[in-house]
Amino acid sequence: IAYAKELGMTVLVTDHHEVPYEEQEDGSIRTFLPDADAIVNPKQEDCGYPFKGICGGMVAFKVICGLYEKLGIPFRSGRTDSFCSHCHGRGCDGFGG
């Protein structure tokens, strides 16, 4: 991330894991987030996404959907069929599938 930022790139991190944290002496929580320009993780405290158990591939897919919408690109299922299949396949890796 640091090298990409040194090169002037905008860095977007997608994640689906628990956000690392440390409990402080006063009982407050200090989270550890990467130094990215944007972080998309449904498990962040301020994220309103309703399903916190979404897989990493689907987080990336949702980002792509949001970009399509923001840029006014029509969403056509033919563009995403192989991506969805890949997400599903990767989601099964952890289960020996």
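The following dialogue explains how to read several features of this predicted model.

Q: How many helices and strands does the secondary structure comprise?
A: Helices (H or I, at least four residues) and strands (E, at least two) are DSSP runs, numbered from the N terminus. Here there are three helices and four strands, in the order α-β-β-β-β-α-α along the sequence.

Q: How is the span of helix 2 to be read?
A: The expected span is 1.5 Å times one less than the number of residues in the helix. Helix 2 (residues 56–71) has 16 residues, and its first and last C-alpha atoms are 23 Å apart, close to the expected 22 Å. After helix 2 comes Gly72, with a positive phi near 70 degrees.

Q: Which residues of helix 2 are buried?
A: A residue is buried under 20% relative accessible area, exposed over 50%, and partly exposed in between (1.4 Å probe, protein chains only). In helix 2 the buried residues are Val59, Phe61 and Val63. Across the protein, 14% of the 97 residues are buried.

Q: Is Ala2 buried or exposed?
A: Ala2 is exposed, because its relative accessible area is 55%. This residue belongs to helix 1 (residues 2–6). Ala2 and Pro34 are 32 residues apart in sequence, and their C-alpha atoms are 9.4 Å apart in space.

Q: What volume does the largest pocket have, and which residues line it?
A: On a 1 Å grid over the protein atoms alone, a pocket is an open set of points where a 1.4 Å probe fits, with protein on both sides within 12 Å along at least five of seven lines; lining residues have an atom within 4 Å of a point. Points are joined across faces, edges and corners, and the volume is the space filled by probe spheres set on them. The largest pocket has a volume of about 180 Å³. Its lining consists of Glu18, Val19, Tyr21, Ile29, Thr31, Leu33, Lys43, Gln44 and Glu45.

Q: How does the lining of the largest pocket divide by class?
A: Ala, Val, Leu, Ile, Met, Phe, Trp, Tyr, Cys and Pro count as nonpolar, Asp, Glu, Lys and Arg as charged, and the others, Gly among them, as polar. The lining has four nonpolar, two polar and three charged residues.

Q: Which element gives the largest share of the lining of the second largest pocket?
A: Helix 2 does, with three residues. This pocket holds about 150 Å³ of space, and its lining residues include Gln44, Cys47, Met58 and Val59. By class, the lining has eight nonpolar, two polar and two charged residues.

Q: Where is Gln44, and what is it in contact with?
A: Gln44 is in the loop between strand 4 and helix 2. It is buried, because its relative accessible area is 15%. Contact means heavy atoms within 4.5 Å. Beyond its neighbours within four places in sequence, Gln44 is in contact with Val19, Leu33, Ile39 and Lys52.

Q: How many disulfides are counted?
A: A disulfide is a covalent bond between the sulfur atoms of two cysteines. The rule applied is a pair of cysteine sulfur atoms within 2.5 Å, and the count is zero. Cys47 is partly exposed at 24% relative accessibility, and Cys65 is partly exposed at 22%.

Methods
Residues numbered from 1 in each chain as written. Predicted model: local features only at pLDDT ≥ 70, side-chain atom pairs only at ≥ 80, totals over all residues. Heavy atoms only, no water.
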